[in-house]
Amino acid sequence: MLKRAMDVHGNIHCEGCGLNVTGKVVEFDHVIAEALVLDKAHTLTIEDGRVLGRDCCHRAPGTKTARDLAAIAEAKRREAWHLGIRPSRPLSGRGFPTVPPQHAASRPLLKPAAWREGFVDSPIDSEQADQDPIT
C-alpha cells in the first residue's frame with residue numbers, strides 16, 4: 001500500500017486527499033469498515049485498504065473514522081431492533097414524595113443565647129461527684 005501511495009520522488013501522499021504525509025503519522029484504513037462486512041470468510045487484499053494521513057483524513061472530526069463509527073453504531077441499532085431488542089424505558093412508578101426545602105439558616109433559634117455561649121453540663125450533686133464510680 002505504501003508503494004501505491006508513493007510518487008516518483010519517494011514522497012508518501014494521503015490517498016484520501018493527496019496531501020504529502022511523508023514523515024508524518026499515517027494509518028492504514030479499510031475502504032469498507034471491517035465491522036460492516038458480513039462475509040468474514042473473504043480474505044482481505046491490498047485493494048481493500050488505503051493509506052490515510054491521521055490528521056487530515058482519518059482521525060480528524062467529521063472524517064473517515066467518525067463516519068465509520070456512526071455507520072457501525074447505526075448497523076448495531078438496526079440489528080438489535082431486528083432481533084427484537086428494544087431500548088429500555090424508565091421505570092414507571094409513583095416516585096418519591098416531594099419534600100419542602102430546608103432552610104436551616106433562616107429558621108429561628110429554639111434555644112436561648114445563654115446556652116449557645118457556653119456549654120453547661122447538667123447539674124450534678126456534689127455528693128455524687130465525690131463518690132467513686134461503681135466498678
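Mentor: Here is a chat about the fold, the surface and the pockets.

Trainee: What should I know about the model?
Mentor: This is a predicted model, where local features need pLDDT of at least 70, side-chain atom pairs count only at pLDDT 80 or more, and totals for chains, interfaces and linings use all residues. Residues are numbered from 1 along each chain as its sequence is written, and side-chain values use heavy atoms, with hydrogens and water left out.

Trainee: How many helices and strands are there?
Mentor: The protein has 5 helices and 2 strands, in the order α-β-β-α-α-α-α along the sequence. Those are DSSP runs, helices being H or I with at least four residues and strands E with at least two.

Trainee: What share of the residues is buried?
Mentor: 14% of the 135 residues, where buried means under 20% relative accessible area with a 1.4 Å probe, protein chains only.

Trainee: Switching topic, which residues line the second largest pocket?
Mentor: Ala35, Leu36, Val37, Leu38, Ile72, Ala75, Lys76 and Glu79. A pocket is an open set of points on a 1 Å grid over the protein atoms alone where a 1.4 Å probe fits, with protein on both sides within 12 Å along at least five of seven lines; lining residues have an atom within 4 Å of a point.

Trainee: And what lines the largest pocket?
Mentor: Its lining includes His30, Glu34, Val37, Asp39, Lys40 and His42.

Technical notes:
Buried means under 20% relative accessible area, exposed over 50%, partly exposed in between (1.4 Å probe, protein chains only).
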